[in-house]
Each structure stands twice: as C-alpha cells, then as structure tokens.
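Please open the structure in a viewer and keep the selection panel at hand.

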Amino acid sequence: MTSFWHDLWCGTNSLAVTFPALYSHTTRPNACVARVLSDPALLLTLRPHLTNAATRELLELHALVSPALSTEESPDIRVLRHNGKVPTSKDHYILSFGSLMDDAFVQEIWHNHSPQNFKFFTWLLHRRRLSTNARLFYCNMRSDGNCPFCSESEDCFHLFLSCPRSKSFWSFLAMDLGSLLPANGMEQLWTVNPIQEHNQRIRATVLTCILWNIWKCRNAKVFRGEDEANGQIARRCFDDLLWSHRCNSPTDRDRIVEWSSFFIRE
Ligand SMILES: [Zn+2]
C-alpha cells in the first residue's frame, strides 16, 4: 500500500519531489512500491520519449532503488527511522499521542502501591468513564440515571463524595469533605488532601483504596441488593491495604501498615 512516488519510503523526500522530471512522465502516479519493484527493470509506466533531464533522473533512480529490490528470501522488516529498531506498542503510542500534554493527575493515579486493576479503576473515574447510572443513562443504556441509594443523579462526584451513602462512610472515617465543590470535580480529593497524608504515594494508595471500596459497596447494592455497613467497607479497606507487601520501600510499607490499622479502629 506504500505509494512509490508519494510516500516517504526511500531517502528523506518522496521520489516525486526528488525526481520531478521523471515523475512528470509517469502515467501511473499512484503506483505502489510493490508493483514498481516487482520487475527489476522497474514498472514505472512512463510516456515514451523522455527528456534529457528525465533520462538522467531514471539512471539515478535505478541506482537509488536497486538495493531495495527484494526477492522472496528478503526478510520483511519494519524499523523506526530514528533508531533502526522494530517499533513497540509504546513507540506507536508516543508517535500518536506524544504531542499531547501530560495529565496533571498521572502521578496520583499511576504512581502508588495499589494493584494495576485498582489504578485502571481510578483512571476511569478520573476520565469520567465509570459505568455510573448517570453515564449509562447518557449512553441510552438505562431508563434513568438515579443513584441506587437516593433519588439524585448518580454521576462520579455524587457516587463518591456527595451521596448520603458515601458521605456516611467518609464521616465514619472522620474525614471532612465539607470544602469540596462539585464544580471542581473528583480531583480535589488529591489536592485538598482530606486524609492529611503528605507522602504522595501513600496518599494516593489510601485514596485509591477508599474509592475502590465505595465503588464495591455501590455495586453490592446495584447487583446483589445488599446494604453494606460502614464497618464492613472499612474492613475491606484494611484487607486491601495489605498491598503494603508490594512496597519496595520499608518506610512506605510501615506507613501503609499504620494506615491499614486506621480502618479497623474502634
Ligand atoms: Zn445517592
């Protein structure tokens, strides 16, 4: 599918730019590389009676592309121009999105001690892609977007911060969310720091754990009709924080163990 004349496959300019006189003689300007190189004499499909400039360019072109003439035995290798290596998924991602600004919450979401699936959950939450009832309603997948615990619309902010159910759990943890405003989004949780933890990784780990377990409480209600008690949710937070064995840093590990005991205090 690579265009012989127009794609950048040989040298630093397209061949139409490098050999303009010769290009003006072709009757198949959209021929692909595979077709042209299928014949060692090059299937250029040129008009008869080349000009002197076109004849000169034809010789130069032959010299340039002869090394590229492939045989059945030639290995088919695709490499990056800048380093000669086979491109990985990461390279494709950087080529596609490298020009975009980094998300300000990357650190909070990805750089903590929670397991990968918990991080994906927080990422979906941050991107407003969690399947809350309000979102399912917006996508025409539900007849209403109501919260399973109250009559409000169940968007992310409501579910995790302003619903009486989640508020009750935050109060149970003695964490004050009074200063958070819906207009400022979920991300305030990381900037306002209601859990009063100043080590970024620990703070992000504990917040991820709390949010994950509020989500599980909500799912217990939606899918199994169960009303979980605050103590039950807190107990799960305690269990989940035993992720601490994942920390390489003994200081972080000790701090997370301290935090886990916070969830089973009397
Ligand atoms: Zn609610």
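Domain bounds, as used here, come from an automatic or database domain assignment. This is a predicted model, and its chain is divided into domain 1, residues 15–68, and domain 2, residues 106–262. Select each domain in turn and display the C-alpha atoms: the centres of domain 1 and domain 2, taken over these atoms, are separated by 63 Å.

The volume of the second largest pocket is about 440 Å³.

Which helices each supply at least two residues of this lining? Select residues 89–97 for helix 5 and residues 106–110 for helix 6, and both contributors are shown. Helix 5 gives the most to the lining of the second largest pocket, namely four residues.

Now colour the lining of this pocket by residue class. Eight of the lining residues are nonpolar, one is polar and four are charged.

Is Y93 buried or exposed? The cut-off for exposed is over 50% relative accessible area; Y93 has 55% relative accessibility and therefore counts as exposed.

Y93 and G145 are 52 residues apart along the chain, and their C-alpha atoms are separated by 35 Å.

Definitions and conventions. Residues are numbered from 1 along each chain as its sequence is written. This is a predicted model: local features need pLDDT of at least 70, side-chain atom pairs count only at pLDDT 80 or more; totals for chains, interfaces and linings use all residues. Side-chain values use heavy atoms; hydrogens and water are left out. On a 1 Å grid over the protein atoms alone, a cavity is a set of points where a 1.4 Å probe fits but cannot get out, and a pocket is an open set with protein on both sides within 12 Å along at least five of seven lines; lining residues have an atom within 4 Å of a point. Grid points are joined across faces, edges and corners, and a volume is the space filled by probe spheres set on the points. Ala, Val, Leu, Ile, Met, Phe, Trp, Tyr, Cys and Pro count as nonpolar, Asp, Glu, Lys and Arg as charged, and the others, Gly among them, as polar. Buried means under 20% relative accessible area, exposed over 50%, partly exposed in between (1.4 Å probe, protein chains only).
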